[in-house]
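Hi there,

Here is the structure I promised to pass on to you. Have a look at it first, and then read on for what turned up.

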Amino acid sequence: MQCALYDAGRCRSCAWIEKSLPQQCQAKMNDLRQLLGELPVEQWCEPVSGAESAFRNKAKMVVSGSVEKPLLGMLHRDGSTEDLTDCPLYSDAFRRVFTVLKPFIARAGLTPYNVARKRGELKYLLITESTLDGGMMLRFVLRSETKLAQLEAALPWLLAQLPQLKVVSANIQPVHMAIMEGEREIVFTAERALEENFNGVPLWIRPQSFFQTNPQVASQLYATARDWVRALPVKHMWDLFCGVGGFGLHCATPAMRLTGIEIAPEAIASARQSAEMLGLTDVHFQALDSTRFATAQQDIPDLVVVNPPRRGIGEELCEFLSAMAPKTILYSSCNAQTMAKDIRLLEGYRIEKIQLFDMFPHTAHYEVLTLLQRG
């Protein structure tokens, strides 16, 4: 992939950009094999990759510069700024939105936040696109509520220019730290969630809920999980760290009981909405801590799906699952290092299948799906 920003030395986020996608996949496979080391694997599945450019469905743009000439992009470690609106990871649909947002910032009087001076109001713009219909969610991350009235008053112009904006909100993040968002969210539009659809499964993206950033590869990840699970005799499954329910909703059948646990209430609201649309009745999504939920249970499910954050599921949950001994664990990980550590703690399990999904091209990061069987 060619990138003028990289060639000019202005951005090094895509550190592997000079390698071809097959070379990147091979390097990631080598890394995964090394991390698993002596652990036996019955079946290594072929890695899955997608497009090399314009694959992102989400833009997280630091806002800098001036209100008249804002920059949308990132901050370098030395405090200098970089406009990334021409980044080839974004599609033309994002570039059209960026072009309109720059004059809108001036129109609404949203002064970019200056990190060095600790002054200004607009910190980030968070934009998500749905592959279902091209609809978008736009979130303004503000330091305070000072500019809320100005923002809301200017919104009709923005919505007229960009009718694809389905959900628009403001998030209040008052802390002078590199934290993307705060707890308070103010939604300005009638619609509060962006509809997406992978493999015939409706999924809803709300503010403050996690969603994969590479929909082409993510849809294949969910489809693979579905195929692996439906080949098993599963009557009851847990989906821990379930997010908006992508894994559980793909794997569930009307004859199966599904329990989904996620700490973020917004994500649970999305999962429940999807389950209702699918007509699934024996489904129980709850906003709880996954480890605390699991360790308080007596009932043993046939299958436990885990999709934890980068830190992994941790020693406490590994020890509990080892003792509880469900027949199957399906582990999806965005950090193979912590996954390998967790698998070594899961006593009595063998790796039946493993597959790498190149969710993050041009970087060393990747997603892994691992099927663990008891005995």
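To begin with burial: 56% of the 375 residues in the chain are buried, where buried means under 20% relative accessible area, exposed means over 50% and partly exposed is in between, with a 1.4 Å probe and protein chains only. Please keep in mind that this is a predicted model, in which local features need pLDDT of at least 70, side-chain atom pairs count only at pLDDT 80 or more, and totals for chains, interfaces and linings use all residues. Residues are numbered from 1 along each chain as its sequence is written, and side-chain values use heavy atoms, with hydrogens and water left out.

**The chain overall**

The secondary structure comes to ten helices and 17 strands; these are DSSP runs numbered from the N terminus, with helices being H or I of at least four residues and strands E of at least two. The chain is as compact as a globular protein of 375 residues, because its radius of gyration of 22 Å is close to the 21 Å from the globule rule. That radius is taken over C-alpha atoms, and the rule is 2.2 Å times the number of residues to the power 0.38. The C-alpha trace spans about 65 × 45 × 35 Å along its principal axes.

Of the contacts with a separation of 6 or more, 67% are between residues 24 or more positions apart; a contact means heavy atoms within 4.5 Å. The accessible surface of the chain is about 16700 Å², and carbon and sulfur atoms hold 49% of that. These areas come from the Shrake-Rupley method with a 1.4 Å probe, and for residues only the protein chains shown count as cover.

**The second largest pocket**

This pocket holds about 630 Å³ of space. Of the 27 residues that line the second largest pocket, Val62, Leu75, Tyr113, Asn114 and Val115 are the closest to its centre. A pocket here is an open set of points on a 1 Å grid over the protein atoms alone, where a 1.4 Å probe fits, with protein on both sides within 12 Å along at least five of seven lines; lining residues have an atom within 4 Å of a point. Grid points are joined across faces, edges and corners, and the volume is the space filled by probe spheres set on the points.

Strands β2 (58-65) and β5 (122-129) each supply at least two residues of the lining, and β2 gives the most, with five residues. By type, the lining has 13 nonpolar, ten polar and four charged residues. Nonpolar covers Ala, Val, Leu, Ile, Met, Phe, Trp, Tyr, Cys and Pro, charged covers Asp, Glu, Lys and Arg, and the others, Gly among them, are polar.

- Leu165 sits in strand β7 (residues 165-172) and is buried at 6% relative accessibility. Beyond residues up to four places away in sequence, Leu165 touches Met136, Leu138, Leu158 and Leu159.
- Trp204 belongs to strand β10 (residues 201-205) and counts as buried at 11% relative accessibility. Its contacts, apart from neighbours within four places in sequence, include Ala193, Leu194, Glu195 and Val244.
- Leu240 is in strand β11 (residues 236-240), buried with a relative accessible area of 0%. Among its contacts, leaving aside neighbours within four places in sequence, are Ile261, Phe293, Val304 and Leu317.
- Leu321 lies in helix α9 (residues 314-324) and is buried, also with a relative accessible area of 0%. Residues up to four places away in sequence aside, Leu321 touches Val304, Ile313, Pro326, Ile329, Leu346 and Tyr349.

**Two backbone spots to look at**

Most residues other than glycine have a negative phi. Ala54, however, has a positive phi of about 55°. Ala54 is in the loop between β1 (41-44) and β2, and is partly exposed at 39% relative accessibility.

Which phi does Lys118 have? The value is positive, about 60°, although Lys118 is not a glycine. Lys118 is in the loop between α3 (92-108) and β5 and, at 48% relative accessibility, counts as partly exposed.

Best wishes
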